[in-house]
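Biologist: Show me the model, please. Then I will ask what stands behind each term.

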Amino acid sequence: MPSAYGEMTIKLPIAAVAKYLQDPTARKLANVPKPPEPKPKPAPAAPTVADSGSKVIALTFDDEPGPYTAQLLDILDQHGAKATFFLIGSKVSSQANVVSSIHACDHQLGNHSWSHPELPKLPVDQIAGEIDRTNDAVKQATGVTPAILRPPYGAVNGVVLEQLRLRGMSSILWSVDTRDWVDRNSDIVCSRAVAGAHPGAVILMHDIHQTSVGATPCILNALKQQGYLFVTVQGLLGNMAAGAGYP
Ligand code: NI
């Protein structure tokens with residue numbers, strides 16, 4: 001280049017300027033290798049339980065159907081979340097529409113007995129009746145017979161498990177208790193669910209309380225941000241053994 005000192009030549013290593021020489025002619029003159037083609041990225045697949053690792057959670061709701069169940073279904077739907085509903089049999093026929101909606105939204109239906117007694121305190125024929133009447137009511141409303149039972153108060157013994165085994169059913173308890181029936185406060189319920197959440201958690205709530213339904217968007221948002229997927233009990237545990245208790 002011209003200057004007060006005459007013609008000057010400045011030498012630069014090709015590597016330092018290669019990125020400025022991507023015009024085809026310049027590249028040829030300077031013998032710059034063509035940059036590698038970027039590899040096409042695979043199309044993002046819909047997330048599944050398998051590829052999420054173990055970051056799956058089963059939200060479970062007891063004691064419905066109730067006045068807020070339909071609202072809860074809308075919230076779950078908006079978040080693409082699946083859940084499990086443990087129904088009280090004696091409430092099913094009067095709210096068959098909402099029970100049918102639970103099934104139509106691909107949530108799982110569970111049995112929570114007919115009249116919410118402590119099952120181990122009952123004679124065996126009454127235990128059988130609590131299970132069967134509820135299964136029949138759910139089948140009548142939805143066409144589906146529940147394969148899982150959540151014993152009221154978490155009270156279960158060998159006699160109850162044997163009755164479940166005879167029906168090809170399993171007992172489902174929980175690993176995170178939000179105690180939402182004690183604290184009717186959505187913030188507290190959300191905090192407890194989020195604090196207790198872990199891969200494979202089964203979270204216990206009751207959608208007969210408006211505050212519990214009110215806590216659900218907060219729970220879904222917080223745990224989705226942590227990478228969790230919300231699946232049914234069946235989705236979480238797969239095929240369960242008849243007469244066994246989980247988790
Ligand atoms: Ni209950």
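**Terms and values**

Modeller: Phe61 is buried, with a relative accessible area of 0%. This is a predicted model: local features need pLDDT of at least 70, side-chain atom pairs count only at pLDDT 80 or more, and totals for chains, interfaces and linings use all residues. Residues are numbered from 1 along each chain as its sequence is written, and side-chain values use heavy atoms, with hydrogens and water left out.

Biologist: Why is Phe61 called buried?

Modeller: Buried means under 20% relative accessible area, exposed over 50%, partly exposed in between (1.4 Å probe, protein chains only). Phe61 has 0%, so the term buried applies. Phe85 is also at 0% and buried.

Biologist: What makes the rings of Phe61 and Phe85 a stacked pair?

Modeller: Rings of Phe, Tyr and Trp (its six-membered ring) pair if their centres lie within 6.5 Å; planes under 30 degrees apart count as stacked, over 60 as edge-to-face and the rest as tilted. By this rule the count is 1 aromatic pair. The centres of Phe61 and Phe85 are 5.6 Å apart and the planes stand at 25°, so the pair is stacked. Phe61 lies in strand β1 and Phe85 in strand β2 (residues 83-87), so the pair ties together parts that are 24 residues apart in sequence. Strands (E, at least two residues) and helices (H or I, at least four) are DSSP runs, numbered from the N terminus.

Biologist: Which residues coordinate the nickel ion, and what makes them donors?

Modeller: Asp63 (OD), His112 (NE2) and His116 (NE2) do, at 2.0 to 2.1 Å. Donors are N, O and S atoms within 2.8 Å of the metal (3.2 Å for Na, K and Ca), so these atoms qualify. Water is not among the atoms, so the site may look incomplete. Asp63 lies in strand β1 (residues 56-64) and His112 in the loop between β3 (108-111) and α6 (124-142), so the pair ties together parts that are 49 residues apart in sequence. Both Asp63 and His112 are buried.

Biologist: How do you know that the charged end of Lys55 sits over the ring of Tyr228?

Modeller: The rule asks for NZ of Lys or CZ of Arg within 6 Å of the ring centre and within 35 degrees of the ring normal. Lys55 has its charged end 4.8 Å from the centre of the Tyr228 ring, and it is listed as sitting over that ring.

Biologist: Why do the buried residues of α5 line one face?

Modeller: In α5 (residues 96-104), Val98, Val99 and Ile102 are buried. Seen down the axis, the buried residues fall within an arc of 105° (taken from the directions from the helix axis to the C-beta atoms), so they line one face of the helix. On the other side of α5, Asn97 and Ala104 are exposed.
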